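Have the sequence and the 3D view side by side, and let us start with a single side chain.

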Amino acid sequence: MSAPTIRPATFADLPAITAIYANAVRHGTASFEQDPPDEAEMKRRMVSLLDGGFPYLAADMDGALCGYAYAGLYRTRPAYRFTLEDSIYIAPDRHRRGIGRALLEALLCESQARGFRQIIAVIGDSPTQAPSVALHRAAGFTIAGTLAAVGFKFGRWLDTVLMQRALGEGGDSPPAETRRA
Ligand SMILES: CC(C)(COP(=O)(O)OP(=O)(O)OC[C@H]1O[C@@H](n2cnc3c(N)ncnc32)[C@H](O)[C@@H]1OP(=O)(O)O)[C@@H](O)C(=O)NCCC(=O)NCCS
């Protein structure tokens, strides 16, 4: 089995990224969206992340894009500016080949290098998202809590699990105030 190559995502990746995310929206509960965004909307989101200085990564395997991950602000109020939320999606026929782990590890490195101090995973529908919980736990995240019945999709209530990991010195030292307020 070949190893994934992790690299910065580009606009050329948008068709594949849009398709992977659309599948997750239509058939899964990792995302609380109900209608898959089209490629133009996915491009708007990518531009917004890249313009904001956030990491957006792609994984290639056997010459094709097989997953992507990005981190954006956890919340937009200024005091949250050192805290990220991650998103990671792997093509369904490529699960369990180490791609998610490689993407998440690279995303953590990129996030830390950019001066962020905390990263949070908001994992929807915790009972069916055991792979995501396990992936984040393997990358050093710990469970911060569960929000019960905060989503409603496919005719049922969904919980979210919050997982958190410090980046670099986390809360042990003041941040470098290079990020815009
Ligand atoms: C969650 C997801 C990103 C994992 O990606 P992946 O490439 O399949 O994961 P990896 O093969 O890199 O696995 C890394 C570790 O995660 C855990 N893991 C991944 N899939 C798992 C599963 N089905 N069951 C249990 N543990 C699992 C394991 O600890 C694994 O390490 P191991 O293989 O050494 O045991 C993938 O299942 C996915 O895209 N799911 C749908 C979207 C989603 O839930 N995204 C997360 C949103 S927060």
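**Charged pairs**

Asp60 is buried, with a relative accessible area of 17% (buried means under 20% relative accessible area, exposed over 50%, and partly exposed in between, using a 1.4 Å probe and protein chains only). This is a predicted model, where local features need pLDDT of at least 70 and side-chain atom pairs count only at pLDDT 80 or more, while totals for chains, interfaces and linings use all residues. Residues are numbered from 1 along each chain as its sequence is written, and side-chain values use heavy atoms, leaving out hydrogens and water.

Which residue does Asp60 meet in a salt bridge? Its partner is Arg7, with 2.6 Å from N to O (a salt bridge is a side-chain nitrogen of Lys or Arg within 4 Å of a carboxyl oxygen of Asp or Glu). This pair joins distant parts of the chain, since Arg7 sits in strand 1 (residues 5-8) and Asp60 in strand 2 (residues 56-61), 53 residues apart. (Helices, as H or I runs of at least four residues, and strands, as E runs of at least two, come from DSSP and are numbered from the N terminus.) While Asp60 is buried, Arg7 counts as partly exposed at 23% relative accessibility.

How many salt bridges does the structure hold? There are eight. One of them is formed by Glu33 and Arg45, whose closest N and O atoms are 2.7 Å apart. Here too, distant parts of the chain are linked: Glu33 lies in the loop between helix 1 (14-27) and helix 2 (39-51), and Arg45 lies in helix 2, twelve residues away. Both partners are partly exposed, Glu33 with a relative accessible area of 25% and Arg45 at 29%.

Another salt bridge brings together the side chains of Arg114 and Glu110, with 2.7 Å from N to O. Salt bridges with shared partners also join Glu33, Glu41, Arg44 and Arg45 into one network. As background, side chains of opposite charge can pair when their charged atoms come close.

| Residue | Relative accessibility | Class |
|---|---|---|
| Arg7 | 23% | partly exposed |
| Glu110 | 30% | partly exposed |
| Arg114 | 33% | partly exposed |
| Ala149 | 36% | partly exposed |
| Phe154 | 46% | partly exposed |

**The largest pocket**

Now turn to the open space. The largest pocket has a volume of about 1,200 Å³. Of its 41 lining residues, those closest to the centre are Ala30, Ile88, Tyr89, Gln129 and Ser132. (On a 1 Å grid over the protein atoms alone, a pocket is an open set of points with protein on both sides within 12 Å along at least five of seven lines, and lining residues have an atom within 4 Å of a point; the volume is the space filled by probe spheres set on the points, which are joined across faces, edges and corners.)

Which elements supply at least two residues each to this lining? They are helix 1, strand 4 (83-90), helix 3 (99-113), strand 5 (118-124) and helix 4 (130-138). Sorted by class, the lining has 18 nonpolar, 15 polar and eight charged residues (Ala, Val, Leu, Ile, Met, Phe, Trp, Tyr, Cys and Pro count as nonpolar, Asp, Glu, Lys and Arg as charged, and the others, Gly among them, as polar).

(Two strands pair if DSSP finds at least two bridges between them.)

Strand 7 (residues 156-166) pairs with strand 6 in the antiparallel sense over eight bridges. In strand 7, Met163 is the bridge partner of Ile143, and Arg156 is that of Lys153. Strand 7 also pairs with strand 5, again antiparallel, over seven bridges. There, Val161 of strand 7 is the bridge partner of Ile123.

**Two positive phi angles**

Strand 6 and strand 7 form a hairpin with two residues between them, and Phe154 in the turn has a positive phi of about 55 degrees. Ala149, found in strand 6, likewise has a positive phi of about 55 degrees although it is not a glycine. For context, most residues other than glycine have a negative phi.

Conventions:
1 Å grid on protein atoms, 1.4 Å probe; cavity = no way out; pocket = protein on both sides within 12 Å on 5 of 7 lines; lining within 4 Å.
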